[in-house]
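Please look over the model shown here before reading on. The notes that go with it are grouped by topic for a reader who works with coordinates.

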Amino acid sequence: MSAENTPASNRFWNTSPKRLVAVLLILNVVLRGTLLLTMHPPQRADFLWYYQHAREMALGQGYHWHGHATAYWPIGWPFILSILYRITGPSVVAGLLLNTVFSILIVLFLYGFVRRLTGKPIWGFFAALGYTLLPSQVQWNAINGSEESFTLLLLLSLILLTWSRQMAGRRRVSTLALSGFLMGLAADIQPIPLLFPVYLWLLEAWILRAGWLPSLRRAALFAAAMLLGVMPVTVRNAIALHHFVLVSTNGGVNLYQGTMINGGYFWSYNPKINPLLAAGSNEILENKMGEEYAFHYYLTHPWKTIVDGFIKMFDLYKNDVNAVRYTYINSHSPLWLVDTMRWFDSVVYWVIMLIAAAGLTWLIVRRRDMLRRLSAVIAFLIYYTMVFFFFPAWDRFRYPLMPLYAIFLPFAGPLAVWLWSNRSTWAERCRAFLHKRFSQTGREHQ
């Protein structure tokens, strides 16, 4: 059959990978480029901090706060920006363009991973397309945040970790080590992955039954490579702060905040409410006091800690509105547009998560082999979510997880086909169940 006589549906499903990549590139450039051209919100809060301190680093002034060396915010993203600013000069636009490039790379690596995982380019296309069409992931490109760089390194690390299991010999070792090193670089930007090697060990030994000792060796190699990626920051902190600070000193502060609030930001300048103010400008002491307060709170309020922990994890997933705050609200958009975009972002997010859940269900029920291959991705999703049992959570912190959930989108297709092809069976079962149920109810009334 000639190409001209090939059914349109077959031509679509067999579209060449080059065309699929071209469509993804064009779509992402148009969506993200249009946003950058039309949306110019002022950079505030963390995002203003990143710009200002990257500018100071680019000018050779170091990483300081109130005249003292700091590690209060992780240094990774300001350091990346400072390298860019040495080339372009301090420019918010340059940082936004870099983040946009990172975002498009996330889309392309997501496509390549799912394509190789399934052997079907069109499935990789659907995974990347679903992620591309998530409004908040586009809107965040108007903000000078650390999410894009962290997510790119995280995704690359988990891809390599997944492929390393299928390799042997030196390639297996080197790929696993590179995966850990990239995870360490990601931790320089956001320190959340630091305890993941422990989770990785338990996953391989307990769930995958790979043996406790071999799993420990793999996890130890991964952790050592992570520490190698983190080490430059640790050395810098030891020299500048004269203390051992692995990545960041505000972990204790975040733990303290988690005892005060679940789904938002808390800080008070009232010393009667906030005991951490007694530390003054001493970051090391403030961090230590935050940790001590938090652990004392856990011991004295165990049930409230558990209940609040589940509320925090729920808050991590409940909606998708934070990007609207920093783009439309900060741009002084009309209230009706802000409300519309909040609903639009959240509805699209809920639909995508529902489809991803359907795809994961298909893997659990019908494709255990694929589920096993994706176990590292699933393990990180669980690990990352559980971290927020203790830390205040809202949807901005879910950004790095969305490409991982997008991996499951194409697998919802086979589930839908299977349910449709077995619709008569399901209908017959429902009729039989209802008939039996109502028959029993009728006999009970008699």
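This is a predicted model: local features need pLDDT of at least 70, side-chain atom pairs count only at pLDDT 80 or more; totals for chains, interfaces and linings use all residues.

Residues are numbered from 1 along each chain as its sequence is written, and side-chain values use heavy atoms, with hydrogens and water left out.

**Salt bridges**

- With a salt bridge taken as a side-chain nitrogen of Lys or Arg within 4 Å of a carboxyl oxygen of Asp or Glu, the count comes to nine salt bridges.
- One of them joins the side chains of aspartate 46 and arginine 396, at 3.2 Å from N to O; aspartate 46 lies in helix 3 (residues 46–58) and arginine 396 in the loop between helix 18 (375–387) and helix 19 (402–406), so the pair ties together parts that are 350 residues apart in sequence.
- Helices here are DSSP runs (H or I, at least four residues), numbered from the N terminus.
- On a scale where buried means under 20% relative accessible area, exposed over 50% and partly exposed in between, with a 1.4 Å probe and protein chains only, aspartate 46 is partly exposed at 22%, whereas arginine 396 is buried at 6%.
- Another salt bridge links the side chains of arginine 165 and glutamate 204 at 3.3 Å, N to O; arginine 165 lies in the loop between helix 8 (147–164) and helix 9 (169–189) and glutamate 204 in helix 10 (residues 196–207), so this pair ties together parts that are 39 residues apart in sequence.
- Glutamate 204 is buried, with a relative accessible area of 3%.
- The side chains of aspartate 315 and lysine 318 also meet in a salt bridge, at 3.3 Å from N to O, and here aspartate 315 is buried at 7% while lysine 318 is partly exposed at 36%.

**Helix 8 and helix 18**

- The axes of these two helices come within 9 Å and cross at roughly 135°, where axes are lines fitted to C-alpha atoms over the stretch in contact and angles run from 0 to 180 degrees between N-to-C directions.
- Helix 8 is therefore oblique to helix 18, given that angles under 35 degrees count as roughly parallel, over 145 as roughly antiparallel, 65 to 115 as roughly perpendicular and the rest as oblique.
- The contact (heavy atoms within 4.5 Å) is made by Phe150, Leu154, Leu158, Leu161 and Thr162 of helix 8 and by Ala376, Val377, Phe380 and Tyr384 of helix 18.

**Asparagine 237**

- Asparagine 237 is placed in helix 11 (residues 212–241) and is buried, at 1% relative accessibility.
- Leaving aside neighbours within four places in sequence, asparagine 237 is in contact with Ala71, His242, His243, Val245, Leu246 and Val247.

**Positive phi**

- Most residues other than glycine have a negative phi.
- Alanine 45, in the loop between helix 2 (17–38) and helix 3, has a positive phi near 55° and is partly exposed, with a relative accessible area of 49%.
- Histidine 242, found in the loop between helix 11 and helix 12 (251–260), has a positive phi near 60° and is exposed, with a relative accessible area of 65%.
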